[in-house]
Amino acid sequence: MARFFRLTDQARWLPVCTLTAGLLMALPLSVSAADEDGVAEDQKEAAAEPARDITTLVADLGHESYNTREKAMASLWKLGNAALPSLRSAAEGPDPEVSSRATELVLYISAGVLPDSPEEVKQLVIQFARSEVDSKLTILRKLMELGQWHQVLHLARLEKDPAARSRMADVVQASASQAAREAIIKGDFDKAGEILELTGDDEQNMAMRAWFYVRQGELKQRLAKAADMPGKKGAIWRMSLHRAGGDVKAAVKEAEKAGLTNLADAMRVFTGDALPWLNSSNDGGRVSAILGLGYQIQKARLLGEDKKASIIARELVRMANDEDSSAHAAICLAANGFSKEAVRLLSANEMDSAFDYFDNIEMPERCLELLGIEKDAKPPYTKWVNKVTEEATESEDEALYDWLLLLAGFLDRHGEGEHSMAVMKPMMTALEKDGADAWFDILTRMRAYDLGWLAIKFVEARGNEDGEMNLAVSKLFGENSSVTEIWNALKQRHPDDINKALHEIALLAGIIADTQNETEKIHQSLLAEIVGPNAKPEVMEKARSEALYAFAINRNNLTEASRLADIFAAKDERWKRSKTFLDAALQRWEKVAPVYADLAKEHPGEYLNLIKWSIALRKLGKEDEAAKAYDRSLMLTMGDSAALGKIGAELSGAGYDAEAVALWELSAIMSTGQDSEYSQAILYLSTYGQHLYESKQWKKAAAIAEVYTRILMRGRSGSYLHRILRGRFYADFSHAMHLFENGKRAVAIEKLDQCRQLIPGDGSLADDFFPALRNAGIGEVYNRWFEESYRHVNAACELYPDSHNSRNTAAWLASRAVRRLDDAHQHAEAALKIRPSQGAYLDTMAEVWFARGNREKAVEWSKKAVDASISDAQGTPRSEQQTIINYNQLSKQLDRFKNAPMPR
């Protein structure tokens with residue numbers, strides 16, 4: 001039957017669903033010490049009143065006088081927790097008026113609602129008690145919006161249904177995290193601690209509390225108090241403290257005690273043991289037969305059961321019976337080091353993936369073989385080109401278009417770009433004759449193969465008879481206002497020579513090389529129309545400024561983009577954000593430090609701004625201020641895994657690699673071990689965690705790499721074959737180095753030789769393999785391995801003498817191995833003769849001089865490399881993000897050449 005709750009003075013009687021006795025009896029008889037701290041002082045004083053007064057007041061809830069009932073209710077509300085036992089009994093009594101009022105008071109007092117709380121809050125609390133779980137979640141979120149975090153925490157604690165509590169966990173954690181952050185921002189750490197103590201005892205909330213106490217410097221005290229805490233709760237709390245403190249082994253031990261096996265396994269990776277995580281990570285049981293076999297191979301290899309791994313690999317090959325299954329099988333095979341089998345499968349089904357792999361490891365002949373070009377054929381391979389063109393035009397198979405583009409791009413990269421036109425011309429002629437839209441689509445794809453120069457030649461040759469050049473420009477440079485602005489301006493400058501306009505927009509976009517130093521002049525002339533004494537009033541300043549900035553970014557000239565941002569920000573506040581972004585990207589610390597300081601005052605809770613400010617201060621030598629901002633940033637993350645990962649990325653970009661690695665490890669440890677944050681941390685460590693190799697943390701590096709290859713196995717496309725094999729290389733390389741460091745030299749050398757052959761011409765051998773082994777005391781073996789690797793790359797150079805990338809790879813390999821330094825210098829000079837402004841090639845020349853022991857020359861060339869990396873792209877533009885990453889990496893190199901010990 002219906003019961004009645006009094007909700008407001010104006011609407012005294014409103015029908016609601018009955019509160020069950022179970023819920024009322026489930027409300028806590030007393031509150032924790034933390035709850036008592038939150039009780040208002042007047043409640044504490046009232047709590048001391050005699051119990052007989054409480055009995056009288058409860059009875060007065062049913063008094064015939066309305067005013068007496070109201071006064072009794074107000075007095076009992078003031079008494080707070082002391083009145084709860086009597087109110088619970090009254091709520092179950094026979095008098096409907098007493099029961100209704102007592103029930104309402106039980107809810108208010110238990111949920112921490114004070115007499116002067118807003119009426120809306122009171123009603124939401126009442127509604128919560130009679131709602132289903134979905135409505136309860138809505139109410140909790142609404143209370144969050146009203147800033148009533150205290151009520152959110154209390155109400156969630158009243159919920160006894162485990163499933164409902166689980167669904168409320170995220171809301172509760174967000175509420176506590178937000179409220180704690182607000183208290184920290186205000187400097188009220190006592191209040192922050194009180195808030196966090198009100199959260200539940202699940203691992204997420206305990207992790208947040210532990211993070212707070214550890215950042216407060218209370219780790220030892222808290223561990224001492226927790227030492228005798230019994231049961232699962234005690235184990236989780238100790239585990240949480242150890243996680244926040246970075247003691248992985250101790251955290252694993254407590255996680256095992258708490259029965260949190262999956263979390264223990266995820267953390268165990270950072271002790272150098274990946275196998276338990278690999279065994280427990282089964283994708284929620286959604287593992288295909290192919291992926292299951294891939295997992296089995298990985299486990300067999302880790303257990304040293306190589307014969308078993310090979311048998312399973314053969315079974316995996318047999319399961320590849322169509323394009324999809326072949327691609328997935330190839331991924332699993334590559335991730336476990338079965339490169340030949342993987343390449344064989346992809347060669348038949350995803351030829352471009354196999355082509356990319358061979359191209360990256362300096363095996364050009366295999367690339368041509370994959371395309372089906374006869375061994376003795378000569379460029380431009382006319383017979384093959386005509387055959388593929390005929391098949392493509394008849395079938396309109398876009399995959400065949402890509403075959404032609406693959407070959408054209410390959411020839412251009414290998415110094416035979418004069419043949420690229422001959423490869424593409426038959427196809428482009430046929431498509432133009434048919435009036436096919438594919439002709440314009442292929443222009444876009446040419447840019448992906450760094451064939452922008454070739455696309456421009458085709459557009460010039462086709463002309464603009466029907467305004468077709470406008471469509472071509474939109475395909476090449478995009479359909480946006482910046483392209484429209486620049487294209488129209490250039491056409492107006494050259495009304496009688498549209499090809500000139502096309503040439504100039506290609507220069508401004510960086511898709512063709514600037515052999516005559518024209519780009520700067522074109523750029524400045526367009527800028528002069530809106531800035532300076534010759535500015536033209538008819539030119540829209542906003543459109544032109546945004547277009548020039550966008551084109552500078554797109555051609556990778558961040559130096560000029562930054563200058564533009566400075567100019568425009570002086571007149572328009574909207575440009576200040578772009579200015580700050582580029583000042584930070586270009587490491588102009590003296591400019592960004594005051595900006596970050598102002599932002600810290602305006603938005604004191606933004607942890608990412610604080611870490612950026614900390615980095616800037618540190619770079620300026622203000623260590624104490626930097627440390628304070630750093631500590632505050634970490635505190636405000638509340639131990640959130642994703643936030644820690646982002647802080648690590650900022651540190652890495654600024655050159656603090658060791659600290660970045662530590663933060664990424666902590667990010668993984670603070671995650672659930674099965675979520676996207678864990679995977680992201682592994683990705684960071686696998687991509688930018690070179691410090692692990694430099695500091696010889698081989699066992700840990702091997703475990704991380706195994707998890708990384710497991711993640712890669714879950715992919716469905718073989719397009720990243722080379723990346724997957726590099727992942728396997730680092731896993732086996734690190735494992736072998738761990739064996740080597742622990743005295744198992746014979747086994748280690750055998751494994752090192754095997755992993756070296758996975759990627760024989762890859763730059764990773766120069767990056768980490770040879771530097772790690774140069775002084776390992778294996779002189780004869782080292783020299784043999786180097787000579788084999790060098791001959792492999794040099795053979796590609798001899799086959800294609802003008803292949804600038806092959807030349808650079810040879811120079812990089814020799815300089816990092818500190819062998820054949822005269823040859824290295826010749827190769828570096830050859831690469832720079834072809835691409836004189838390529839930042840990576842200038843850096844290689846710096847490495848050659850460093851290997852030769854000439855620090856001064858190394859620094860000189862390194863500075864050139866850094867400057868070139870943010871200058872015009874010269875035909876091979878990269879994304880803004882990649883440009884900044886390259887700049888950061890080259891800046892780290894410059895610091896290394898200035899300060900690191902000379903190689904020996």
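Mentor: On a 1 Å grid over the protein atoms alone, a cavity is a set of points where a 1.4 Å probe fits but cannot get out, and a lining residue has an atom within 4 Å of a point. A volume is the space filled by probe spheres set on the points, which are joined across faces, edges and corners. This is a predicted model, in which local features need pLDDT of at least 70 and side-chain atom pairs count only at pLDDT 80 or more, while totals for chains, interfaces and linings use all residues. Residues are numbered from 1 along each chain as its sequence is written, and side-chain values use heavy atoms, leaving out hydrogens and water.

Trainee: OK, how many cavities of 30 Å³ or more does a search of the whole structure find?

Mentor: The search finds 1, and the largest cavity holds about 30 Å³ of space.

Trainee: And which residues line the largest cavity?

Mentor: The lining consists of Pro760, Gly761, Asp762, Gly763, Leu765, Ala766, Thr809 and Leu813, with helix 47 (764–773) and helix 49 (804–817) each supplying at least two residues; helices here are DSSP runs of H or I with at least four residues, numbered from the N terminus.

Trainee: Switching to Ala627, why does it count as partly exposed?

Mentor: Ala627 counts as partly exposed because its relative accessibility is 37%, and that class lies between buried, under 20%, and exposed, over 50%, with a 1.4 Å probe and protein chains only. Ala627 belongs to helix 39 (residues 623–637).

Technical notes: 1 Å grid on protein atoms, 1.4 Å probe; cavity = no way out; pocket = protein on both sides within 12 Å on 5 of 7 lines; lining within 4 Å.
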